[in-house]
Amino acid sequence: MNPAASVSERLHTMNPRTTRFELLVVASADGFIGRRSGHNPSSWASPEEQHHFLASVDRADWSFMGRRTDEEAPREDRRRVIFSTSASGLDWCSPTRLRVDPRSTGIEAMIEAIGTRHPARNCLVLGGTRVHDWFLARALIDRVVLTIEPVRFGSGMPIVSNIGGEPDAVMRRLGFRRTDSRKLNAGGTRLETFEPAGSQRIDPDRSY
Ligand SMILES: NC(=O)c1ccc[n+]([C@@H]2O[C@H](COP(=O)([O-])OP(=O)(O)OC[C@H]3O[C@@H](n4cnc5c(N)ncnc54)[C@H](OP(=O)(O)O)[C@@H]3O)[C@@H](O)[C@H]2O)c1
């Protein structure tokens, strides 16, 4: 195996195309996923986005998220991988909820662990920002499904830590191309899909 291959390439070589990661995000028109931590999309996103979000989560095998996102919407019945610096090794807090510290546990180990409980074919990456950063830095995202709501927050939690601006421009700068765009409602909510344009931007100097 080529040692210079990206994690994504290595994963797919080990286990060709069996695990796919979709980044599912709702953002304001000026590119924020909330005004502040705790500003849950259920309080500001459209009913159409919420319907789409819940249907996507229902279909997914596993959802990856940060500790706060998990705590904000606890669901024992959902299969979750929860990032936390306080996790030690592969820390199952219930049969369907695995806590890991991604600074010391790699994606291959996470997939192997969750695969023993339920196949990890279609996985969602739900955020927040640092969880997006972690997956993007490793070029693991196969598809981005982005809902853009016609609201502007002015400031808040960005989609990724080191690139700001309107969501479409952020996606382009991350190395994704838009493959679909459609209206979700008459109010101006848009559902957009992006795929890697061929060269995803990886920031080798950033530590996660
Ligand atoms: N608009 C959207 O699409 C969207 C998506 C997801 C979440 N949200 C919103 O965003 C807010 C939550 O975001 P948040 O940024 O405050 O919190 P978060 O990302 O849900 O959780 C942050 C915590 O996760 C752990 N973590 C995340 N990345 C890590 C990494 N790379 N390495 C180690 N640990 C890591 C750390 O836990 P420890 O502190 O335990 O170490 C960190 O404090 C919520 O209000 C939620 O509703 C919005």
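Just after helix α5, alanine 139 takes a positive phi of about 55 degrees. Helices here are DSSP runs of H or I with at least four residues, strands are E runs of at least two, and both are numbered from the N terminus. The model is predicted, so local features need pLDDT of at least 70 and side-chain atom pairs count only at pLDDT 80 or more, while totals for chains, interfaces and linings use all residues. Residues are numbered from 1 along each chain as its sequence is written, and side-chain values use heavy atoms, with hydrogens and water left out.

Helix α5 itself spans residues 129-137, and because eight of its nine residues are buried, this helix is largely enclosed by the rest of the structure. Buried means under 20% relative accessible area, exposed means over 50%, and partly exposed lies in between (1.4 Å probe, protein chains only). The buried set in α5 consists of Thr129, Val131, His132, Asp133, Trp134, Phe135, Leu136 and Ala137.

Now to the ligand. There are 25 residues around it, and Ser37, Arg67, Thr69, Glu72 and Thr85 come nearest; a residue is counted if one of its heavy atoms lies within 4 Å. The table lists polar contacts, meaning pairs of N or O atoms within 3.5 Å; within protein, one atom must be able to donate a hydrogen and the other to accept it, and residues adjacent in sequence count only if both atoms are side-chain atoms.

| Residue | Part of the residue | Distance to a ligand oxygen |
|---|---|---|
| Glutamate 72 | side chain | 2.5 Å |
| Serine 84 | side chain | 2.6 Å |
| Phenylalanine 83 | backbone | 3.3 Å |

Taken alone, the ligand exposes 910 Å², and the protein buries 92% of that. Such areas come from the Shrake-Rupley method with a 1.4 Å probe; for residues, only the protein chains shown count as cover.

Glutamate 49 is buried yet has no salt bridge, and the nearest side chain of opposite charge, arginine 59, is 11 Å away. A salt bridge would need a side-chain nitrogen of Lys or Arg within 4 Å of a carboxyl oxygen of Asp or Glu; Lys and Arg count as positive, Asp and Glu as negative, and His and the chain ends are not counted. The side chain of glutamate 49 does make a polar contact of 2.7 Å with that of glutamine 50.

Finally, the whole chain: the protein has six helices and eleven strands, and buried residues make up 48% of its 208 residues.
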